[in-house]
Amino acid sequence: MTQTKMIGNKAITVNEEGYLVDFSHWDKQVAETIAKEVNIDLSQRHWEVLNFLQDQHKKEVALNIRKVGSSGVVSIKEFYTLFPQGPLKTATKIAGIPKPASCI
Amino acid sequence: MKQLLILGAGTAGTMMANHLNHELDKKDWKITIVDERTKHYYQPGYLFLPFDIYEPSDIVKEIEEFIPKGVNLLKSKIDRILPKENSVRLEDGKELHYDLLIIATGARIAPEETPGMQDEEWHKSIFDFYTYEGALALRNKLRNWEGGKLVVHITEMPIKCPVAPLEFAFLADSYFKHKKMRDKVEIVYVTPLSGAFTKPKATAALDHLLHDKNIHIETDFAIESIDYAKNALVDYSGREVSYDLLVTVPTNKGDDLIARSEMGDELNYVPTNKATLQSQAHQNIFVLGDASNIPASKAGSVAHFEAEILTENILRFIKGEPLKADFDGHANCFIETGNGKALLIDFNYTHEPVEGTFPFPGIGPLRLLKESRINHMGKLAFRWIYWNMLLKGTHIPFVSTSMQESGKHYEEVEN
């Protein structure tokens, strides 16, 4: 089930959990709007992490907390400070990329 | 004479030794299997040992008993694989050449990854049940434990047998009821996932069972450390969960020899083609069971289904034919739910665990995703099947390698 969401005057399509269905809909305004919904003001550090996640996604790397923590971009501790409560789930949503599939 | 080398004589490696011993022509091929240990442990039994349901003798046998006579068993620690030289170096420096290599070195617990876990309280108030020693120490602790707050905890995914910690919580509920002390025990299930299991449909059924059994669940808990002086788990966001008795599943990692060989990912798992089981980096290396990074459960049933397909692919590889991309991630797991009952789940890469019957469509006798006594009997009977059929590579009647779709009520998984 997908739904359409208006951000500014732009219509974007998201799935039932609020993740973008099509990355081409993503831009900085979309990111800022989704971030505000979870009470995050995006700082330079947030952007560095978001860019890293998008880059990993482009390279088809399956993301998990351990990988982010060992990337050298951000420690797990800081990742939690930047994106409290489920940082990977929140950060991927803001970055406009799919929610990482839960491992089995 | 060509050399086929298998590293690891656990569930996966032993099955391959038996399959290939039947299939390969001994005039052309010599099969060698290497493992440093002498004992074969029935790992599903670790779940029952703490509750005095199984005895140590039920779950430990000699590796030798299960390796066929035509296969050379070498007891040695392995230093590293040298893939460019098609050879494996043993601890004593001796090198074994191979034409074809099968990596079946499994996964192990790595409690050293979490600060405070493997310190003073290890096997005193903090236990694992993923090793023989851990399960036995826990049995001795539970025999005399007077009650308090029992926390069952998963450190991070992936882990071997992802349902085992849930089963542990269910069996603990049953065990303490039986000992007439359930009112003295609070059971809390702490998980890094957002629910009881990784697949939504099974999670709904299992969340319900946890609630029924009065087991509280703490989700999305990403542990940073254990403050053993305070008896508390601490997560990265500062959340704390206290315990009197902690039963944890530590981080799982592939064998250190994979790291020494520089062939693994960040958890020492070998990047592997998920459909053919061929190593992504080297054509003459195949990876079976828990040692690979394929997105299937790390479980004996998965290794069993993989072994049948891998045997075929190895024969094709030897003949120079294209490999069959047939492995579908099929897993089939009994989930003990306590009080002599169990659930059964059956799933693969693309299909979630569903309701239905197994192995005969519409008949059963086993029922998928529903608690029943016959499922529990199935789980107990499985130990006999494991020692007498599965390890020896005997095909288990009626259970197919790929998942069957009839007799089940499905929805496709969106990926």
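In helix 1 of chain A, which spans residues 28-37, the buried residues are Val30(A), Ala31(A), Ile34(A) and Ala35(A). Because these residues cover an arc of only 130° around the axis, they lie on the same side of helix 1 of chain A. The model described here is a predicted one.

Just after helix 1 of chain A comes Asn39(A), where phi is positive, at about 60°.

### Domains of chain B

For chain B, the domain assignment gives domain 1 (2-46 + 61-106 + 255-319), domain 2 (109-251) and domain 3 (331-409). The centres of domain 1 and domain 3 of chain B, taken over C-alpha atoms, are separated by 26 Å, and 21 residues of domain 1 of chain B are in contact with 17 residues of domain 3 of chain B.

### Two open sheets of chain B

One open sheet of chain B consists of three strands in the order 6-7-8, with antiparallel pairing. Strand 6 (78-82) and strand 8 (95-97) of chain B are its edge strands, each of them pairing on one side only. On average, and with direction ignored, neighbouring strands of this sheet are turned by 20° against each other.

Another open sheet of chain B is built from three strands in the order 15-16-17, and here the pairing is antiparallel. Its edge strands, strand 15 (223-227) and strand 17 (240-242) of chain B, each pair on one side only.

| Strand pair (chain B) | Bridges and direction | Residues standing opposite |
|---|---|---|
| Strand 7 (residues 87-90) and strand 8 | Three bridges, antiparallel | Arg89(B) and Glu95(B) |
| Strand 16 (residues 232-235) and strand 17 | Three bridges, antiparallel | Ala232(B) and Ser242(B) |

### Two buried aspartates of chain B

Asp235(B) is placed in strand 16 of chain B. Since its relative accessibility is 1%, Asp235(B) counts as buried, the cut-off being under 20% relative accessible area. The side chain of Asp235(B) makes a polar contact of 2.7 Å with the side chain of Ser237(B). When neighbours within four places in sequence are left aside, Asp235(B) is in contact with Asp220(B), Phe221(B), Ala222(B), Ile223(B) and Glu224(B); strand 15 of chain B, an edge strand of the sheet, covers residues 223-227.

Asp35(B) is located in strand 2 of chain B, which comprises residues 29-35. With a relative accessible area of 5%, Asp35(B) is likewise buried. Not counting residues up to four places away in sequence, Asp35(B) touches Gly8(B), Ala9(B) and Gly10(B), and also Ile63(B), Leu74(B), Lys75(B) and Ser76(B).

Notes. Residues numbered from 1 in each chain as written. Chains lettered and ligands numbered in written order. Predicted model: local features only at pLDDT ≥ 70, side-chain atom pairs only at ≥ 80, totals over all residues. Heavy atoms only, no water. Helix = DSSP H or I, 4+ residues; strand = E, 2+ residues; numbered from the N terminus. Buried < 20%, exposed > 50% of the residue type's maximum accessible area, 1.4 Å probe, protein only. Contact = heavy atoms within 4.5 Å. Arc of directions from axis to C-beta. Pairing = 2+ DSSP bridges. Domains from an automatic or database assignment. Axes fitted to C-alpha atoms, helices over the stretch in contact; angles between N-to-C directions. Polar contact = N/O pair within 3.5 Å; in protein donor to acceptor, adjacent residues only side chain to side chain.
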